[in-house]
Amino acid sequence: GSGHGLAVRTGPGLRTTPEEIELVAGSGVVGDAWSSHPHSAPGNQVAMMNVHVLRAVCDGDESRMALAGDNLQVDLDLSEANLPVGTRLEIGTAVLKVSEMPHRPCKKFVERFGATAAKRVARANRVGQRGRGVLCTIERSGKIHRGDSIVVARVSE
C-alpha cells in the first residue's frame, strides 16, 4: 500500500496538509493539536483512514478530505482481517502499531460529512471493515513523507 495524503490538526476544525510529518513515540504527531483533545488517549496517537472510503464520504471533493482529521489517508486495506491489532506498519522512518482502540465516527464527523456517511462507516466498522479507519500508537519516532510506501509487518505467531 502507499500513503496518500497527510494532515495535521492545528486546532479545532483547522488542518494543514504538509508534505512531511514528524512522529514522536509516546506522544504523537509534532504540531498536531490532538494530544490535548479530550478524546485523545495513549492508544490513539495517530489516526489513519482509507483514502477511497474518505473520497466516497466527501463525494470526491478532495479539498474536504483533510477535514476528517486523520493524519494519514492511505491506500491500504484497514480491515481487521488485514491489519489485526498489534500489526506494525513501517512508513518512512517511523513504525506504527495498530491499536485495539476502535476508531468511531464522532459528532464532528457527522456535522462535516452528514449522517449517511457516518452510518456508512459505522456499518463498515460493525463488520470488521473499519470504515472510519484505524488508530495507532507510535512504536518508533520518525518522519513520513506524502506518498511513502507502507510496509505491513505481520504479527509473528
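Mentor: We will go through these features one at a time. Keep in mind that this is a predicted model.

Trainee: How many salt bridges does a search of the whole structure find?

Mentor: A salt bridge needs a side-chain nitrogen of Lys or Arg within 4 Å of a carboxyl oxygen of Asp or Glu. The search finds seven. One of them pairs Arg9 with Asp32, with the closest N and O atoms 2.8 Å apart. Arg9 lies in strand 2 and Asp32 in the loop between strand 5 and strand 6, so the pair ties together parts 23 residues apart in sequence.

Trainee: Are Arg9 and Asp32 buried or exposed?

Mentor: Buried means under 20% relative accessible area, and exposed means over 50%. Arg9 and Asp32 are both buried.

Trainee: What does Glu19 form a salt bridge with?

Mentor: Its partner is Arg146, and the closest N and O atoms are 3.0 Å apart. This pair ties together parts that are 127 residues apart in sequence. Glu19 counts as exposed because its relative accessibility is 52%, while Arg146, at 33%, counts as partly exposed.

Trainee: Which residues gather in a patch of positive charge on the surface?

Mentor: Lys and Arg count as positive. Here the patch consists of Lys119, Arg120, Arg123 and Arg126. Lys119 is in helix 3, residues 115-126, and counts as exposed because its relative accessibility is 53%.

Trainee: Which residues does Ser79 touch, not counting those up to four places away in sequence?

Mentor: Ser79 touches Gly128, Gln129 and Arg130 on that count. Ser79 sits in the loop between strand 7 and strand 8, and its relative accessible area of 4% is why it is called buried.

Methods:
Residues are numbered from 1 along each chain as its sequence is written. This is a predicted model: local features need pLDDT of at least 70, side-chain atom pairs count only at pLDDT 80 or more; totals for chains, interfaces and linings use all residues. Side-chain values use heavy atoms; hydrogens and water are left out. Patches are made of residues with over 30% relative accessible area and no salt bridge: like charges are joined within 9 Å, nonpolar side chains (Val, Leu, Ile, Met, Phe, Trp, Tyr) within 5 Å. Accessible areas come from the Shrake-Rupley method with a 1.4 Å probe; for residues, only the protein chains shown count as cover. The place of a charge is taken as NZ of Lys, CZ of Arg, CG of Asp or CD of Glu. Helices (H or I, at least four residues) and strands (E, at least two) are DSSP runs, numbered from the N terminus. Buried means under 20% relative accessible area, exposed over 50%, partly exposed in between (1.4 Å probe, protein chains only). Contact means heavy atoms within 4.5 Å.
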